[in-house]
Amino acid sequence: MFKNLFPPLKFFQPKKKRNSNTFQEKETIYHSMIEHSVLGMCIIQDNHFRHVNNKWCEIFGYSYEEAVNKIRPFETIHDDYKETVRKNIEKLLSGHTNSLDFEFIAVRKNNETFWIRIYAKVIMYQTKPSVYGIYTDITKQKEKESAMLINEARLHVTLETTQIGIWDWNIEKDTWYASPIYYTMLGYEPITGNSDRKVWLNRIHPDERDLVRKKINLMRTRKEEHYSYEARILHADGSYRWHQVIGHIIDKGKQGEIKRMVGIRKDITAFKKAEEELRKSKRRLRTLLDTVPDLIWLKDPEGFYLQCNQRFEQLNGVPEKQIIGKTDYDFVSKEQADFFRQKDKEATQSGKSLMYETEVTFANGHNEILETIKTPTFENDGTLIGVLGIGRIITEKKKNEQELKKYRENLERLVKERTEELEATIKELYTTNKELIIQKEELLSTVNKLNSTRKQLIQSEKMASLGILSSGIAHEINNPLNFIHGGSIAIEQYFNRKLKGEHTEVAPFLEAINEGIKRASQIVSSLGHYSRSEDLPVIECDIHTIIDNCLIMLQNRLKSKVIITKHYTPKKHVLLGNEGKLHQAILNVIVNAEQAIKDNGTIEIKTDIIDNQFTITIQDSGKGMEQETINKIFDPFFTTKISGEGTGLGLYITYDIIQEHQGKIMYESEINKGTKVIIQLPVNK
């Protein structure tokens, strides 16, 4: 777009019949001026920099060699201003204007952006039109302008939003200005001019109008440099509002005459109301303090009285105005005053309330026992105000306490005598009951043993019944299975003999029937393992077959949600045990693992022989358990299932079975990380 847009300076070319030495001197001077100029200069031709001076290089961060004939001018212009610069240069080259002066954001070699102001003009350079540009870095100027605009905006917002009216009275020119809030805070439309002051003076409440005139006259007669007053001013709604007005002289003439004043006005109605409420509150507080029967007083950190109530005045026989500014030394003995002063110091040093009792002699000479609470009081900034004291006469109370003490001592004596009699009787009863307690403990122990035995017998009976039931079911299922198997063989033989052509079509159905018979037989076989009597003798057990039988029994529960992986040891071993009990123990562990898996998961079963111990590891991906739960899982009747879903005897029985086989069962688990069960059984060499 900008090809041939920027074409050496016309005056660089020597004119005909010009003195060569003179021209060279001028050209040398010109070059020296350009290179030492405080302004950046460049010549742009054919969309390239053809010449740049030292200041231009300093501004943009390029060397002369990097800039001239290497970079394009638009590489030094921020994207947001490229279009603006392009249009300006088009105006120059098209002849619409002889020169242009404009600003834009430029880009240095290090990609830093800054503000530039450029004066651009078309010149002839080496017989071709070119743009001659003079650059000035105006970044600091822009920053100052921006800061000034921000400050102006802040001032504008302050004037518009503050609740303080600002006014400016030019007495010399008799002109008046006030911020909008000056008027609107009282519901009026803004007005200007000398008449405005007269209007406002008439709006001041008659009771304060003379005060305001006096304040203004004192200023105008140069007796005061500023004035401040509070007055009620008429609101547009007809009510009067309290306002505070402050004025200052900011300009004086040579003779000291006032030329200009500025000031503020703010609405203090709420403050006045609060002030009045405070006065009322103080009166109420004073009334309350004077009706309290206790003595109340306040002393400063040096011990001088600041305030007291009527009760304090009455007992000391002195009015409050004669008490304020004095110390305890003016009313009581030095010994007692020293005591009071020490208690004041203890309260202020601790920063907490201090309570004590002491006997005090009052003005009429009578003595009273006084219970005193002294509390240090502080300003919001932590400065100590003084010590607040509250004294209550407890003379009668103390007398009652003495009477009560005598009565209590007499009562304690009677109680002691009766207690000694009771202790003798109790001693006899203790001797008699000691034997009964021993008999009771023996009876409880016997009952506990009987209960434990009864529970074990009930559970053994249940398991025995379950084994008999399982054995019966297995026997009953075997009969129809034999019939089905025999029928399947007969059908196959019939087709082979009579309908060989049809055998191919029915073969898949016969295979399905045989597969069903095979799986049913496996389940019946597993039930047979589970139902083997616990009274059977200890025999050699194939633990891997026992595990497989357990998985077959649980196949219906496992197949839809659990992936089983098995890693059996190939090491030779002999394991002696009761096959039925081992089957029951392993089945319980796998059932618990399946129940711990909520939706889908895995159960991994490994076997190995370590240190002459046959180790079975069953790891599930279930919800896991806390350590507190693991500590209780082998307790009888402990279960984490909801009521009706478990008895809490499964792992208790499993633990007994493993112990009976001189083995160990251990649980490792973490919440949301699954559970690992490790069973160790001794290997028979």
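## Conventions and model

The expected span of a helix is taken as 1.5 Å times one less than its number of residues; helices (H or I, at least four residues) and strands (E, at least two) are DSSP runs, numbered from the N terminus. The structure is a predicted model, in which local features need pLDDT of at least 70 and side-chain atom pairs count only at pLDDT 80 or more, while totals for chains, interfaces and linings use all residues. Residues are numbered from 1 along each chain as its sequence is written, and side-chain values use heavy atoms, with hydrogens and water left out.

## Helix 4

Helix 4 comprises 13 residues, 82-94, and extends 18 Å from its first C-alpha to its last, close to the 18 Å expected at 1.5 Å a residue. Gly95, which follows helix 4, has a positive phi near 90°.

The buried residues of this helix (under 20% relative accessible area with a 1.4 Å probe, protein chains only; exposed is over 50%, partly exposed in between) are Val85, Arg86, Asn88, Ile89 and Leu92. They lie on the same side of helix 4 because they cover an arc of only 165° around the axis, the arc being that of the directions from the helix axis to the C-beta atoms. These buried residues pack against strand 3 (99-107), strand 4 (113-125) and strand 5 (128-137), where contact means heavy atoms within 4.5 Å. Helix 4 lies across these three strands and runs at about 155° to strand 3; axes are lines fitted to C-alpha atoms, for helices over the stretch in contact, and angles run from 0 to 180 degrees between N-to-C directions.

Strands of a sheet pair through backbone hydrogen bonds, either parallel or antiparallel. Here, five strands in the order 2-1-5-4-3 make up an open sheet with antiparallel pairing, two strands being paired if DSSP finds at least two bridges between them. Strand 2 (48-52) and strand 3 are the edge strands, each pairing on one side only. From one strand to the next, the twist averages 35°. Strand 3 and strand 4 are antiparallel and joined by nine bridges; Leu100 stands opposite Ala120 in strand 4.

Strand 1 (residues 40-45) is mostly covered, with six of its six residues buried. Gly40, Cys42 and Ile44 are buried on one side, and Met41, Ile43 and Gln45 on the other. Five bridges pair strand 1 with strand 5 in the antiparallel sense, and Gly133 in strand 5 is the bridge partner of Cys42. Strand 1 is also joined to strand 2, by four antiparallel bridges, with Ile44 opposite Phe49. Strand 1 and strand 2 form a hairpin with two residues between them, and Asp46 in the turn has a positive phi of about 55°.

Strand 11 (residues 295-299) and strand 12 are antiparallel and share three bridges; Leu298 stands opposite Gln307 in strand 12.

Asn309 occupies the loop between strand 12 (305-308) and helix 10 (310-316). Asn309 counts as buried because its relative accessibility is 1%. Neighbours within four places in sequence aside, Asn309 contacts Arg286, Leu289, Asp290, Val292, Asp294, Leu295 and Ile296.

## Nonpolar cores

A nonpolar core is a set of buried Ala, Val, Leu, Ile, Met, Phe, Trp, Tyr and Cys residues joined through side-chain atoms within 4.5 Å. The largest has 39 residues, of which Ile543, Ile586, Ile590, Ile603, Ile616, Tyr667 and Ile679 touch the most other members. Among the elements that each supply at least two residues are helix 15 (543-553), helix 17 (579-596), strand 19 (601-610) and strand 20 (613-620). Helix 17 gives the most, with eight residues.

Neighbours within four places in sequence aside, Ile590 is in contact with Cys550, Leu551, Leu554, Ile603, Ile605 and Ile618. A second, separate core has 27 residues, including Ala67, Val85, Phe104 and Tyr135. Of these, Val85 is also one of the buried residues of helix 4.
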